[in-house]
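Subject: Structure handover

Hello,

Here is the structure for your files. My notes on it follow below.

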Amino acid sequence: MPDAIEEWFAAAGPREAELRRVDALVRDAAPGLDRELVTAGAGQMLGYGLLPYRPRSARETTRWPLVALAAQKRHLSLYVCAVVDGEYLPEARAERLGRVSCGKSCIRFSSLDRVDAGELAALVRDAAAVTTSGGNAFFVS
């Protein structure tokens, strides 16, 4: 039986190699995070470290990844759902990450070559550590 994650990578076509590079970076930075595919809109993302989460507008708690990787039409998106001292970590560290575009929890880039890989790995590592210690306000219900 084919592995669903391997199928997800293969379905990315020319982006497969870049997705695998980012996946390796995330797995090296936070080896304790399990990974699985998660539904997002009409597609799927590769999620790492699924945790209980309940948005303010929801009645029920669901599971959402601490880190998620997605292939968009023109770029890759790495979502890091970590809020510390009222700031989203990706947004707070955007200037250190290289030639990327950042939203609150989203880091967008066309290639890992445009990113400071050491800073990105540190961000993922710090997000995992602060979540393990209970200091990640994103997942507080």
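Is Asp85 buried or exposed? Asp85 is exposed, with a relative accessible area of 77%; exposed means over 50%, buried under 20%, and partly exposed in between, with a 1.4 Å probe and protein chains only. Asp85 is found in the loop between strand S5 (83-84) and strand S6 (87-88). Helices (H or I, at least four residues) and strands (E, at least two) are DSSP runs, numbered from the N terminus. Asp85 has a positive phi of about 50° although it is not a glycine. Most residues other than glycine have a negative phi.

Some conditions apply to what follows. This is a predicted model, in which local features need pLDDT of at least 70 and side-chain atom pairs count only at pLDDT 80 or more, while totals for chains, interfaces and linings use all residues. Residues are numbered from 1 along each chain as its sequence is written, and side-chain values use heavy atoms, with hydrogens and water left out.

Annotation

UniProt, in an unreviewed entry, places the feature "domain: YdhG-like" at residues 15-127. UniProt positions are in the numbering used here, feature names are shortened, and annotations may be inferred rather than shown by experiment. In the model, the span 15-127 is 26% helix and 37% strand, and its end C-alpha atoms lie 25 Å apart.

Sheet

There is an open sheet of 6 strands, in the order S1-S2-S3-S4-S8-S7, with antiparallel pairing; two strands pair if DSSP finds at least two bridges between them. Its edge strands are strand S1 (35-40) and strand S7 (101-102), each of which pairs on one side only.

The pairings I looked at are these:

- S2 and S3 run antiparallel and are joined by 7 bridges. The bridge partner of Tyr53 in S3 is Thr62.
- Strand S3 (residues 62-71) and strand S4 (residues 76-80) are antiparallel, with 5 bridges. In S4, Tyr79 stands opposite Ala68 and Leu78 stands opposite Leu69. A hairpin of 4 residues joins S3 to S4.
- S4 and S8 pair in the antiparallel sense over 4 bridges. Leu78 has Ile107 as its bridge partner in S8.
- S7 and S8 are also antiparallel, over 2 bridges. Cys102 has Ile107 as its bridge partner in S8, and a hairpin joins S7 to S8 through 3 residues.

Helices

How far apart are the end C-alpha atoms of helix H2 (residues 16-29)? They are 20 Å apart, which agrees with the 20 Å that its 14 residues should span at 1.5 Å a residue; the expected span is 1.5 Å times one less than the number of residues.

The buried residues of H2 are Glu18, Leu19, Val22, Asp23, Leu25, Val26 and Ala29. Seen down the axis of H2, they fall within an arc of 160°, so they line one face of the helix; the arc is that of the directions from the helix axis to the C-beta atoms. The face turned away from the buried side of H2 carries the exposed residues Ala17 and Asp28.

In helix H1 (residues 4-11), Ile5, Trp8 and Phe9 are buried. Those three cover an arc of only 95° around the axis, which puts them on the same side of H1. The buried residues of H1 are covered by elements including H2, S1, S2 and S3, where contact means heavy atoms within 4.5 Å.

Regards
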